[in-house]
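Welcome! Let us take a walk through a protein structure together, one region at a time.

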Amino acid sequence: QWVDFKKRSCSFSSFLPGSDLIPPGACKSLNAAAVYANNEVNLAEVDIYGFDYDYTLALYSDALNTMIYNTARRFLIEHFKYPEGIRKYDYIQNFATRGLHYDIQKGLLMKIDAFHYIEPGTVYRGLSPVPDDEVLQLYGGTFHVPLQQDSGFYGKGPKVKQFMDIFSIPEMTLLAVANDFFITNDIDYDPVHLFKDVSVTIGMVHLKGYMYKWVILHIYNFILRGEETDAVLHQLVTHGKKLFLITNSPFSFVDKGMTHMVGKNWRDFFDVVIVQADKPHFFTDCIKPFRRLDDNGALRWEKITSLDKGQIYKQGNLFDFLRLTHWRGSKVLYFGDHLYSDLADLMLRHGWRTGAIVPELENETKVVSTDKYALNLTWLQALTGLMERLQMHRGTESKEVFQEWQREREELRVMTKNLFNPHFGSIFRTCHNPTYFSRRLSRFSDIYMTNLSSLLNYDQSYTFYPRRTPLQHEAPLWMDQLCTGCMKTPFLEDMSIIR
Ligand SMILES: [Mg+2]
């Protein structure tokens, strides 16, 4: 009967967009401007809103990544005397994605899932993919990477590092390019030295203030959607919320950006402003005391006994912050783009509510909303269901059909992955599982969104409810959970015309 089914059934490629393959009632139109909830959050209970600065209040254009890459590449050649040939490699947009792991000793960039398995087909040495059987050989016959030993809970280890910063995308690209140069030119090198040197050059771009200078000089080119940040702050203050800022960036840089986005009186919005905070240590160590900066940006020497509106503070630590403000627990909601440096400790140790800024959602929701994706995924799920049942039949013909479906399933998985990024696919999913990034996102953030302006679509007493997704042993009881790619978004129709 299975063989008959196979003969009667058409292959996936004969289905056209809009065919009745997609179940009726499936809703695949997502809105990138929605706020997504991992945990229930009632905004009426939130009195205090905290913000990171870079990639949270200030969004930067892709041009900044190109500038960071070009400058770090120049440092690598001029300061570290790396071969001139590396200069030929221009910045490759969309080569790397956030959340990837890098094996420092083997010089491999890869995507790892929530169970610490490498996703086949996503391992790159330089700019070239490494075949799956070679990956197996390199990792002792398994795709599993024991991250507890190598990478640590926060993704930083001596052997494997996870790149979680949006600023690290040019760093991954420069690593891939330099590896590629050495390999293709058959030059002997140590990937560990390369990793350290690239890391230092990227650090120089930040520490020597290059990035700050470019952004300040060409603020209209680099800072995006400043008027939306202004609108969010306005809305919160109008509703009597208290605001604070904790950033690792220096005051002069933040001041220029905020003045551009919000106006020269931007400090009136904030009850506390902390710069050069040295996160994540700000959240974990109680060593560094707060210092005050005077109006000229010079450091004052007096002991800080209160955090006052209108003043600028430097360094400090969260324990003193909590003692001086009494802003504790779930009445505080803090937004940041770095899951570890901004959010993890607040969520795990201090019980603040957390909001993750994930700019990648804009593209990911766009892809998930396409007919192509919905068709691929629906057929992939259907095929998987058929295979699950067919495996019970042990006849030769059944086995042949099974193998054919297995091949088709593999093709579909690759096609689906390529819709997001041809090298590494979606930042949220591997073929079967959530990614390592995705698991961390759901653990450390109560809510997540493309950018802060998504908040403008909800009023100040709105409750974000996470969808009740069935566990594996539970039956899917609601229509919106039966349909892959579907999302229950409040006011979906109204929201679709916001932008
Ligand atoms: Mg940031």
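This is a predicted model: local features need pLDDT of at least 70, side-chain atom pairs count only at pLDDT 80 or more; totals for chains, interfaces and linings use all residues.

The protein has 19 helices and 18 strands. Of its 499 residues, 38% are buried. How do the contacts spread along the sequence? Counting contacts with a separation of 6 or more, 75% of them are between residues 24 or more positions apart.

Now for the sites that come from a record. UniProt, in an unreviewed entry, lists Asp-52 and Asp-54 under "active site". In the unreviewed entry, the feature "binding site" is placed at Asp-52 and Asp-337. Although these are spread over 286 residues of sequence, they cluster in space, with a largest C-alpha distance of 7.7 Å. Asp-54 is also listed under "binding site" in the unreviewed entry.

Where is Asp-52? Look in the loop between β3 (48–51) and β4 (59–60). Is Asp-52 buried or exposed? A residue counts as buried when 20 or more other C-beta atoms lie within 10 Å of its own. Asp-52 has 24 such atoms within 10 Å, so it is buried. Beyond its neighbours within four places in sequence, Asp-52 is in contact with Ile-246, Thr-247, Phe-335, Gly-336, Asp-337 and Asp-342.

Asp-54 also lies in the loop between β3 and β4. Asp-54 has 23 C-beta neighbours inside 10 Å and therefore counts as buried. Setting aside residues within four places in sequence, the contacts of Asp-54 are with Thr-247 and Ser-249.

Asp-337 sits in another loop, the one between β15 and α13. With 23 other C-beta atoms within 10 Å, Asp-337 is buried. Not counting residues up to four places away in sequence, Asp-337 touches Asp-52, Tyr-55, Thr-56, Ile-166, Asp-342, Ala-356 and Ile-357.

What covers them? Just after α13 comes Gly-351, which takes a positive phi of about 70°.

Next, the nonpolar interior. In soluble globular proteins, nonpolar side chains tend to be buried together. Here the largest nonpolar core has 110 residues, and those with the most contacts inside it are Ile-68, Ala-72, Leu-109, Leu-175, Ala-178 and Val-198. Which helix gives the most to this core? That is α5 (residues 169–184), with nine residues. Ala-72 touches Pro-170, Leu-174, Val-198, Thr-201, Ile-202 and Val-205, leaving out residues up to four places away in sequence. Apart from this core lies another, of five residues, among them Ala-374, Leu-375, Trp-379 and Leu-380.

Our last stop is a pair of helices. Two packed helices are described by the angle between their axes and the distance between the axes. The axes of α9 (residues 226–238) and α10 (residues 251–262) come within 7 Å and cross at roughly 80°. Angles from 65 to 115 degrees count as roughly perpendicular, and α9 and α10 are therefore roughly perpendicular to each other. Which residues make the contact? From α9 come Gly-226, Thr-229, Asp-230 and Leu-233, and from α10 come His-260, Met-261 and Val-262. These residues divide into three nonpolar, three polar and one charged.

Notes: Residues are numbered from 1 along each chain as its sequence is written. Axes are lines fitted to C-alpha atoms, for helices over the stretch in contact, and angles run from 0 to 180 degrees between N-to-C directions. Helices (H or I, at least four residues) and strands (E, at least two) are DSSP runs, numbered from the N terminus. Angles under 35 degrees count as roughly parallel, over 145 as roughly antiparallel, 65 to 115 as roughly perpendicular and the rest as oblique. Two residues are in contact if their C-beta atoms, placed from the backbone, lie within 7 Å. Ala, Val, Leu, Ile, Met, Phe, Trp, Tyr, Cys and Pro count as nonpolar, Asp, Glu, Lys and Arg as charged, and the others, Gly among them, as polar. UniProt positions are given in the numbering used here, feature names are shortened, and annotations may be inferred rather than shown by experiment. A residue is buried if 20 or more other C-beta atoms lie within 10 Å of its own, exposed if 12 or fewer, and partly exposed in between; C-beta atoms are placed from the backbone. A nonpolar core is a set of buried Ala, Val, Leu, Ile, Met, Phe, Trp, Tyr and Cys residues joined through C-beta atoms within 7 Å.
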